[in-house]
Amino acid sequence: ENSTSEADSDTDDEGYAADGGGLGRLAAAAAAAAASQDDKVDVVWKDYTARVPATEAAFVSDLQRYAGERGLEIKLGTLAKHEVTLSDCYALFKLVAAKGGCRAAEKIKAWTGIARAWNPKLMGQAKNVPAGVRATYERHLLAYENHVSHGCQVIVKTFKTSTSSQKQQQAQQQPAKPMRAKPEPGLDAKQQQQQQQQQQRRVKLEAQPVQVKQEARDRE
């Protein structure tokens, strides 16, 4: 049984342009590698939003023509008990196009935002909706995306990511939670309370100047 997920014959394996004024697949990959840094991610971005049909009716007509010319059958099915329609496909296709295409959306982890914008009600009713939306797109619309975007301009966009050092800095800026001392066996309630108070004083001393710390210890 054929479906619209079959690769389009006039595209390469990633659907990137080899001409048309944009970067070819190998050139784009080389540019991405050259620009790569530890705290950044480079994304091959397809700019084909101007080619997306301006209306839902035009999109449906073009998608059906594309499928018919290749002997494909459009069977959309359901997603989390939601019956997927051609109107849904048009809304989803536009959202993904705005993110530079399916592969770019995957690279920048945009599928959660895409799914929320596409159907916010569904996001609150089921689990793993972003993964389901992505699978639905790849099954029914990815080949059509390759067809629409063939020969379009391909650029490399760089996105900043949170590095481990940045995460460590953020963790250091957060106030430390006071540690509660474990009561020693054999202590009564009053002695346990005194032990906890001493531990709390020690924690507070760690944030005080050295001179103040020394004076506090002398008082103890």
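## Terms and basis of the model

Contact here means heavy atoms within 4.5 Å, and helices (H or I, at least four residues) are DSSP runs numbered from the N terminus. This is a predicted model, in which local features need pLDDT of at least 70 and side-chain atom pairs count only at pLDDT 80 or more, whereas totals for chains, interfaces and linings use all residues. Residues are numbered from 1 along each chain as its sequence is written, and side-chain values use heavy atoms, with hydrogens and water left out.

Helix H2 spans residues 56-69, and its 14 residues reach 20 Å from the first C-alpha to the last, close to the 20 Å expected at 1.5 Å a residue (the expected span being 1.5 Å times one less than the number of residues). Phe59, Val60, Leu63, Tyr66 and Ala67 of H2 are buried, that is, under 20% relative accessible area, where exposed means over 50% and partly exposed in between (1.4 Å probe, protein chains only). Viewed down the axis of H2, these buried residues fall within an arc of 130°, so they line one face of the helix; the arc is taken from the directions from the helix axis to the C-beta atoms.

The cover over the buried residues of H2 includes helix H3 (86-98) and helix H8 (142-149), while the face turned away from the buried side carries the exposed residues Ala57, Gly68 and Glu69. After H2 comes Gly71, whose phi is positive, near 70°.

## Packing of H2 with H3

The axes of H2 and H3 come within 10 Å and cross at roughly 100°, the axes being lines fitted to C-alpha atoms, for helices over the stretch in contact, with angles running from 0 to 180 degrees between N-to-C directions. H2 and H3 are therefore roughly perpendicular to each other, a term that covers angles of 65 to 115 degrees.

On the H2 side, Glu56, Phe59, Val60, Leu63 and Gln64 meet Leu86, Ser87, Cys89, Tyr90 and Phe93 of H3. By class, this contact has seven nonpolar, two polar and one charged residues, where Ala, Val, Leu, Ile, Met, Phe, Trp, Tyr, Cys and Pro count as nonpolar, Asp, Glu, Lys and Arg as charged, and the others, Gly among them, as polar.

## Gln64 within H2

Gln64, which lies in helix H2, counts as partly exposed because its relative accessibility is 43%. Leaving aside neighbours within four places in sequence, Gln64 is in contact with Ile74 and Leu86; the C-alpha atoms of Gln64 and Leu86, 22 residues apart along the chain, are separated by 10.0 Å.

How values were computed:
Helix = DSSP H or I, 4+ residues; strand = E, 2+ residues; numbered from the N terminus. Parallel < 35°, antiparallel > 145°, perpendicular 65-115°, else oblique.
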